[in-house]
Every structure is written in structure tokens, then in C-alpha cells.
Amino acid sequence: MMHAPRGERETPLDRLAPGEQGTIERIVGDRSMVRRLMELGLVPGTPVEVVRRAPLGDPVELRVRQVHLSIRRSEAAQIRVTPR
Amino acid sequence: MSRPADTPASETPAVVPLTLDQRPARGPAIRRRIAILGNPNAGKSTLFNALTGLRQKVANYPGVTVEKKLGICALPSGGRVELLDLPGSYSLRPGSPDEVIVRDVLLGLQPDTPPPDLIVFVVDATHLDRNLYLALQVLEIGRPVILALNMMDAAEARGIRIDERALEEQLGVPVVKISAARGTGIGNLRRLLERDVEPSTVRFRRLPPHLARVVQRLETRLPRHELLPERGRHDLALALLLDDGEDDAIARAAPPEVLDDVGILRRRLDQLAPGWRSDDIEERYETISQILARTVLSPGETRDANRERIDRVLTHRIFGPLIFLVLMGAVFQSVFAWAQPAMNAIDFLMTRVGFLAEGLMPAGPLRSLVVDGIIAGVGTTLTFVPQIAVLFLFLSVLEDSGYMARAAFIMDRLMGRVGLSGRSFIPLISSFACAIPGIMATRTIDNRRDRLTTIMIAPFMSCSARLPVYALLIGAFVPNRWIGFGTLPGLTLFSMYFLGIAAAIAVAWVLKRTVLRGGKPLYVMELPPYRMPSWRSVLITVRDRSLLFVHKAGTVILAVSVVLWFLASYPRGGPEVSALASRIAAAQAAGDAPRATELEDEMAGVSLRNSFAGRVGRALEPAIRPLGFDWRIGIGLITSFAAREVMVSTMATVFNLGSPGDDVVSLRESLRGAVDERGRRAYTPLVGVSLMVFFVLACQCMSTVAVVRRETNSWRWPLFMLVMMNALAWVTSFAVFQGGRLMGFG
Ligand SMILES: Nc1nc2c(ncn2[C@@H]2O[C@H](COP(=O)(O)OP(=O)(O)OP(=O)(O)O)[C@@H](O)[C@H]2O)c(=O)[nH]1
Ligand SMILES: [Mg+2]
């Protein structure tokens, strides 16, 4: 990714508690997965909210661009955000 | 038809000659072809239905349509155009087999489908920015596009205001506001379809210069493609660069020497600009936010209060799973309770019809054919229409409301335990209706191993064709008593469904640890907003599915009943029968009527046993005796390969022929009263349970095998399925029957 990490404020998205928001910095991991997530609107600079976790703790529900997505925690961990 | 997903590269032609003109000769008689494109769940099929009057499946979750479907749309001028409904897609860089279909149709990579003359791009106006991503990709290809802003009712309710004229200007194509579900704006769209639409001349993409240069170089090396506009080649070049050779359709489009170059270019870009692989995505979203800034007058409420309120309950840590279980239980309970009165009424009616026919026709083979063959077979099957209707009522309400996606959300973790994901959930739930659409729905699963596993376990979900068999056996052998929180029949039915699910889980677990082992693939699923189910469309679904069942009764089941009647009635006579006939005559002469009736009973039984069908059943008997089944059930097991419901009609015909006279007997009664050759009770409740278990697990459906063959493009998987399921069915029924006997049941 071209976006340099912004120091220690950068957090894996799965660390955010339900209801918390962040701004996407970058996505790490498998190339095709990164593309897929970005195509769904998770591009750097976009605000994202963790809405809730599923009853068994996984997956998590995200809100990006008014769209609600269900995504595994392990994959959410590959999305790096700055909390706000 | 559509390109099967798992086609190995070796089985497809190595190179699709793009220089060849594949366009069929087009006379003036050939209509314009219009394709409906857009994101999943944007309302494409709803629009398709509104324009064509057809009834494609519509439901509130992404990934409903997985195949292309052609329809005819009438225009205001009296002309007609061909309309193509397609699966939804998030991107022209496809992830799953259903998205491949969209991309291939659009880029003209499907030899049998020429690219569309016009594209109606359906946008969900409540999710404008994400929807515009694919819209821009499509516009960039340079084909004529009309943008339909759908769901305007929902958008307006949320206070979203869009300036469609400004959007037209920004995108360079006509924009029309519609609400496909309400039918508003459809007239305007129809008029637009008549116009000659020019491709957009707006140049959206501003690839970063380093990438643009490379793409341009590549573009000039690609062969000219008659079906593709110049800008499509640009897209193909970019796709080639980005797709890493994983995608055979794209790779096949390029000459091998170009592919070598692609590798070199990629490595150079990796050094020059490490983030190049997603540069185009960021550029596009940047363009979108500029467009939206000029066209969205008011973004509306950002939060959907309704959704939040409902989700707080339905996905609650404790209530969520609880509600899911209660809901499933309620479905099975109601399938019985609600359908019972209607079922009894139809049953009564059928006996009357049989009675009437008996009175109107002279005794003889023809009357026997009509009464024992047709009325018993088809009529008995028809008594199960109410159950089918109730099942589909529930399924379609759950699908239309948006609950299904939540259930998948709740269940994902559990499915993860056996190595699957929430993605497999909806195909599996669809299989409760019928395994065939369920297996088709696996096209939305991008991972091949997950898809195969899901296909292999889908037939374990009890489909609606098994329902009549369960209903018959439960009605005959399970007393209607309340126990705990449900009736015994309802609970029995629930356990049969549950057994299927348990078997599916076990098989998936084994497959994912052996032949289909592999890492967990990416799992992203959109959770749609809740929508009030449209009662009209729910009732139409229920009616269509019931009619389909009736239609089947009037065709397949009718045919099987007639054939079976012959096989079960002939050959007639034989020494045993003649001996009995003379003893009957003797008894009648002696005035011993009870003895005569007894002998008549015996004669009917002997004729049936000696008939063609009886002989086949008896040949099979040694194999199924350990499960508690006799040769009469054996006949049914064979005929049910035509369709599982045929079991019911077969039993009806067999028992009617096996009883003297031509009156229709209630099949439930006959099963309870059936005796074997030595006059003992033939079927205990334990036999009923064993038979139900067999039906839960056995693969008895030719159409399913055929669909698996098509979707996996090999004989290996369908054969594996056939052997695995039937072996499992035999062993489990054996355990149930023998175990039950040891414990003193039956
Ligand atoms: N409020 C509202 N709902 C709509 C409208 N059009 C469609 N829907 C609903 O949106 C949902 C999705 O509709 P479909 O037609 O199945 O969507 P699709 O684009 O074909 O979806 P896929 O086949 O999954 O790609 C259904 O619940 C429809 O009832 C509309 O104009 N307004
Ligand atoms: Mg659809």
C-alpha cells in the first residue's frame, strides 16, 4: 500500500468495540482479498463503524458507506484504521 | 448456456479467437437485446418482472439470481425487445461463478451470447456510492447505458434527494428514477428503451500515469475484437494485468506472447509503484465522491432506525439464536397444524371422486386403472398440496423480509466449525424447498472447495418433495398428542429435518478434512435492510409453487401411476390365482360370505405379489428386509427415483390393487392395517420411522444428480453423492430398525 502507517494510532479494525468508528488506513493481506474489500468501498480514507458482533463473537457487522457488511473477525483484523 | 464454474482449463478450447466475428447474421427481424446489470439486491429481477410480466424469483438478500434469464419486453410503440436478467455483481473483476457470467456477457466472452445492444444499469438509490462503482466500470467499457435509479420510494422516505439531470450530465447517459417494486417510473423507462442511446463520452478514469502508460502499451498488442468497442479493449488490457492469470477466460483472450509480457510489466510495476494493483479502485471511488458532491442534494438520514431496532433483537446475543430456533420449530409445527384441515378435505374429496367413478364405470380393467391407478395415485399425492403451500408461505416471508441474511450472520460461526461459512447458509436453506435451486445458489460461493462441499450436502436438507412422504407416514403411525411444547407429529417432522441437517454437518466436516481440505476463504456478505414482505408476491410464490406441485401430479405422477398400474396388475391369473378363484366360487355357493371375502383378499394379495412390479419388489426385498421394509415398500423405493413424491402415489396404487374391489381406500388406514403373507402386522411405527429416516438420507432424485453433474462438470461428484448418500441411508435405517427392535419397539 502506498499509505504509510500513521504511527501507533493505527489499529486492526477488530479491536474496535461495537459502536466505535475509525478511518481506513490500509488493508493488508492476500492481494485478491484486498482488492475485493476495496471494491466494496473500503478504500483508504473511508469512515467505517463496527456495528455489532454476531452472537458467537464472529463474524462482525461493519457499516461502510451506508452499507452493512458481515465479515470475519480475522479478516477485519487485516483492515487497519485510525480510531476516531 | 452459462460457463460452468469449475471448468478445468484443459476441457475448454485453449484460445477463443477474438478476431472471429461471432455475431450471428442479424436480419431486421432480430430484436434488440437489452441486459439488466447492477449490484446484488438492487432490484434487477423486480424490474425485469415489471418489464416482461414474468416471475423471476425476487427476494431480499444478495445473490438470488444466479443464471441469466431471457424475457420479452413490449415497448410503447408496439415493438419488442429481448431483456436479459443477470446475476448481481459488485465488480467486473469477478470473484464468484455468478459474477463471471456477468463479466463474460458484458465483454462478449461467451460464445453463445452476443454482448447486449443496450444496458439498463439498476442502481439502489439508497446505496448510491457503492452502486456507482460497478456503474463506472460498465460505463468505461463504452457501451450504451441507461441508468435506472431504483428504490426511489425507500430513498425518498429517508430524505435522500438526487438531481437526476445533474447525474445525467456527470455520467453522460440517460438517468431515470424508478421504483420497480411499486411500478413507478417504469413507463418512462420503457419509453427510454425505445430511444437510440449513445455510449457515454465522459472519460472517467484517470489511472495514475505510470499505470495508464502500461495499459496503453498492452492494449495495442491485443487482437482486435469485433464485438468489443475500442474502450473495451482497454478494460481487457487492465483486467489482464490485474487478474494474475487466475482467470482463464481473460487469459484465453490473449495470445501467449502477450501473456509473457504481462508478467514482465507486472514485475516492473511492483518495483515502481507497489500499490498499483488497487490504484484504479481508489481513483474510481474518488471520481464517485466528486460526482455525488454535484448530484446529491441531500444525503438523507444516515441511520436506519427501523433496522437498528429490529437487529437489536434478532441478532441479540441470546434472543437471536433463540428466535432462530423457535422460528424453525414454528415452521414445522404449522406445516402440520395449518395444513391438516385442508388436507382432510382434499382426502375426503378424492375418496368421493373414486366412489363416483366406481359408480359410473362398469367393472373391469379400465375401471381399475382409473380408480386404483389414477385416482388413488394422483389423488393421494394432491392431498399434500396444503403442506407445500404452508412451507413456501414461511420460506418466502423469511426471504422477503431480510431475515435470511441475519440467520446466516448468526450461523456463520457454527458453519465455520465444519469448515464452511455463512455463504453456504442460504443455498442450504433454499434446499428445503428443493435441492436443485439450492445447488444452483452455490454459484455465489467464490471458493471452489466450499462450493463443492455445499453441493454435496445440499440434498440432505429435506426438500418439499419429501414432505408428502413424511406427512403420510407420520399421519399413519404417529399419534396426534401434545407433548412438551409441541404435538408429537410436529416434533417428529422437526426431528426428520434435524436429522438431515445433522447428516449434512457430519458429511461436510469429513469432506472439509479430507478431499476438500483448504483454508478459510474470504467471507463478506451484505446485510440488506429490512423490508415489509409484499403480500402479493408472497401469495404469488405460494400459488406458483402449489401449482407446480399439482402440475407434477398431473404429469410425472400420472404417468408413473399408469405405468405402475400395468406393472402391478399384470400378468394376471396363474395357477395360484385360479385355485383361489375356484375356492371363492365354492365358498359363495356354500353361502359362506365371510370366507369368500377373506379369500378375495388373499387373491388380490397373491395377484399383486405375482405381478411384474411385485416380482421386482420381491427381488429387492432381501436387501431392504433388515431395514424393516417389505417388497411393497421396495416397489415404492424404486419408483421414487422418478420423484420422491411418487412414493406416495405408488403406495396408494399398490394398496388399492392389493385390496379387493375398486373403491379407494385411505392410504393411511391401509398402511396401519397392512399384513404380511402370514397375516401379521406388516408395518409397525418403527418401520414408519425407519422408512422416514431412509428418505431423509437417501439420494433418490435423478434431477439432483443431473444438476450436480452440470454444476461440477464431472461425473465423479454426482456418483460419489449417490453412493455416499444411499450407503448412509441404508446403514442409518438399519441401525434405527434393528436398534429399535432390540429395545422392544415394533
Ligand atoms: N422499497 C423497494 N424495494 C424494492 C424495489 N425494487 C426491489 N425491491 C426489493 O428489493 C429486494 C431485491 O430485489 P431483487 O429484484 O431480487 O434484486 P436483484 O437485483 O434481482 O437481486 P440479485 O438477484 O440477488 O442480484 C426485494 O426484496 C425487492 O422486493 C423498490 O423499488 N422499492
Ligand atoms: Mg435477481
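In this predicted model, strands S2 (residues 69–74) and S3 of chain B run antiparallel and are joined by six bridges. One of the bridge pairs links Gly71(B) to Leu83(B) of S3(B). The two strands form a hairpin, with five residues between them. Gly78(B) lies in the turn and has a positive phi of about 100°.

S3(B) also pairs with strand S1 (residues 33–38) of chain B. Here the sense is parallel, and the pairing extends over four bridges. Ala35(B) has Leu84(B) in S3(B) as its bridge partner. S3(B) itself spans residues 80–85 and is mostly covered. Five of its six residues are buried.

Strand pairing also links the two chains. S5(A) and strand S11 (residues 524–526) of chain B run antiparallel, joined by three bridges. Leu69(A) has Glu526(B) as its bridge partner in S11(B).

The interface was then examined as a whole. Chain A contributes 34 residues in contact with 49 residues of chain B. Together the chains bury about 3800 Å² between them, and 56% of this area is on carbon and sulfur atoms. Six salt bridges are found across the interface. Among them, Glu49(A) pairs with Arg303(B), with the closest N and O atoms 3.2 Å apart. Polar contacts across the interface join 17 residue pairs. On the side of chain A that touches chain B, helix H1 (31–39) and strands S3 (47–53), S4 (60–64) and S5 (67–71) of chain A each give two or more residues. H1(A) gives the most, with seven residues. The residues on this side of chain A comprise 16 nonpolar, five polar and 13 charged.

Key. Residues numbered from 1 in each chain as written. Chains lettered and ligands numbered in written order. Predicted model: local features only at pLDDT ≥ 70, side-chain atom pairs only at ≥ 80, totals over all residues. Heavy atoms only, no water. Buried < 20%, exposed > 50% of the residue type's maximum accessible area, 1.4 Å probe, protein only. Pairing = 2+ DSSP bridges. Contact = heavy atoms within 4.5 Å. Buried area = accessible area lost by both parts, 1.4 Å probe. Salt bridge = Lys/Arg side-chain N within 4 Å of Asp/Glu carboxyl O. Polar contact = N/O pair within 3.5 Å; in protein donor to acceptor, adjacent residues only side chain to side chain. Nonpolar A, V, L, I, M, F, W, Y, C, P; charged D, E, K, R; others polar.
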